Amino acid sequence: MATSFVLELNNRPNKSGKWAILLRITQDRKLRRIKTPIELKSEKDWNKEKKCIRSSEPNYRVWNDSLEKFVESAKSDYRKLRDEGKATVGNIIFAIEQKETSSSFLVYAKKRTQEIFDDGGVRNWRKYYGFCVKLEKFMNGKDLTFKEITPAFVDKFYHFLCNLNNSRITDPSKKAKLSPNTIEVQFNIFKRLVNHAIDLQLMPSDAYPFNSLQIKTKPTEKAKLSEAEIQRIAELEVPEDSLVWHCRNYFMFSYYCAGIRVGDFLQLRWSNVFDNNQRLTYQMDKNGKIRDMILVEPAQKILKLYEWTAENRSNYIFPLLDNNAEYALAADRWTMPAEIKKKLMEAIGSKTASINKQLKKLAELADIPKENLSFHISRHTFAHMAKIKGIDNLMVQEMLAHSNLKTTERYMGNFDHATTDAALQSVFEKPVVEEPKVQNLSTKWNYCPSCGTKLDGNFKFCPGCGKKLE
């Protein structure tokens, strides 16, 4: 059986906009393709005639060597299978995939990330994908095997992340490194991948490399508004039906609904409202918990402003997401295909950015020094107000639907200085003791002249000491 091995570039970019290099295996006019570990940012970096990466790609030498080794490994697998009389294309592909998965952590991590996406976990897929991008950047075009993941490697990767610029900050004047909390998130993903690999017996359990890792995180101050600032926003005069007017409504509705998250807010439909628009029930996107709450009067008033969208109970309440989009027409958002769910997440991300842009304008109009006023601050603000009003922490946790009380406590934050100052002063204030009033025996006594017991009525004998008063 004549068998050939040829490298080629995929005919279209993948979801991340990169061009995968494939190995085409042809046997008796039957062909199969398998991905190599290498992806190019531009199709122009591929030399179609010479079947190699052009020098326009900075990593061309290292990557071409890697591709050469990949092809030679595939041919080696073919020769072994041929000697056993099992050299079918399917068996060759299977042997390559088994070897790549068992030796390359990068290949394994990408496959695991894709599995999470295919299972509908788009939210987690984005986090895992971001981790893989950072790890590939650290490897600078080289592969990473399971054996190379040692405590020393973990330490080097940690210092690499400590010096990596935060890509979310686009303003050159505000360039900043990744925060310790962000680095901790990256290593949490790293640990999950390693633990999953150990469960699959792709690496031994005694090779766990994170035991000596210590990431010094710091508590972050949860931005929140004061009661006076919330009042200023609520009473601010802005042009009706303007963008900033709508976004003020969205922010305040979230606040009145115990800090509903923006993703859940955007997906609220009229079918989530009951009892003559006095009750709201919905399932949280983040953890699947059901929230069932009364709509307080200010929330009902905001809801009334959008009654024009209620011609169909399946319509979104707030005119932000497309009622005719694929994700809107899906029977169940929990079982919709990953590609459609990804479109929903992208739409939510786009609308969230637009709302937050208007909220910054709102903060300026209301003379609120909150540079990064965002929709999520409504959630922090509600938690903080609940604390000031003396609501029990466990009750606030229930209203926010947090799984962990510590998360709730971080949201609630510290009391304002004025509140803590007053509380501190009250500890050391001397109690005011009223002196017993001396009265003529013919009048009503206020206090017993013997023991000082307060008398609320006409008594012949003191209820405190029993002595006769008249």
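Predicted model: local features only at pLDDT ≥ 70, side-chain atom pairs only at ≥ 80, totals over all residues.
Biologist: In what order do the strands of the open sheet with β6, β7 and β8 stand?

Modeller: β6 and β7 run antiparallel, joined by 2 bridges. β7 and β8 also pair in the antiparallel sense, over 5 bridges. The edge strands, β6 and β8, each pair on one side only. The order is β6-β7-β8.

Biologist: Which residue in β8 stands opposite Leu-280?

Modeller: Leu-280 belongs to β7, residues 279-283. Toward β8, residues 290-294, Leu-280 stands opposite Met-293.

Biologist: What is the bridge partner of Arg-279 in β8?

Modeller: Arg-279 lies on the uncovered face of β7, along with Thr-281 and Gln-283. β7 pairs with β8 in the antiparallel sense. The partner of Arg-279 there is Ile-294.

Biologist: Which residue takes a positive phi in the hairpin of β7 and β8?

Modeller: Take the hairpin of β6 and β7 for reference. It has 4 residues between the strands, and Asp-275 in the turn has a positive phi of about 50°. The hairpin of β7 and β8 has 6 residues between the strands. There, with a phi near 75°, the residue is Gly-288.

Biologist: How many bridges join β2 to β3?

Modeller: β2 covers residues 19-27 and β3 residues 30-40, and the two run antiparallel. One of the pairs is Gln-27 with Lys-30 in β3. The hairpin has 2 residues between the strands. The bridges joining β2 to β3 number 8.

Biologist: Is Ala-258 buried or exposed?

Modeller: Ala-258 is found in the loop between α8 and α9. Phi is near 60° here, a positive value in a residue other than glycine. The relative accessible area of Ala-258 is 8%. The cut-off for burial is under 20%, so Ala-258 is buried.

Biologist: Are α7 and α8 parallel or oblique to each other?

Modeller: The axes of α7, residues 227-235, and α8, residues 243-256, come within 10 Å. They cross at roughly 135°. Roughly antiparallel would need an angle over 145 degrees, and roughly perpendicular one of 65 to 115. The two helices are therefore oblique.

Biologist: What is the handedness of the crossing where α7 passes α8?

Modeller: The two axes come within 10 Å of each other. The crossing of α7 past α8 is left-handed.

Biologist: How many residues of the contact of α7 with α8 are nonpolar?

Modeller: α7 brings Ile-230, Ile-233, Ala-234 and Glu-235. α8 meets them with Arg-248, Phe-251, Met-252, Tyr-255 and Tyr-256. In that contact no residue is polar and 2 are charged. The nonpolar count is 7.

How values were computed: Residues numbered from 1 in each chain as written. Heavy atoms only, no water. Buried < 20%, exposed > 50% of the residue type's maximum accessible area, 1.4 Å probe, protein only. Pairing = 2+ DSSP bridges. Axes fitted to C-alpha atoms, helices over the stretch in contact; angles between N-to-C directions. Parallel < 35°, antiparallel > 145°, perpendicular 65-115°, else oblique. Left-handed = near helix turned anticlockwise from the far one by under 90°. Contact = heavy atoms within 4.5 Å. Nonpolar A, V, L, I, M, F, W, Y, C, P; charged D, E, K, R; others polar.
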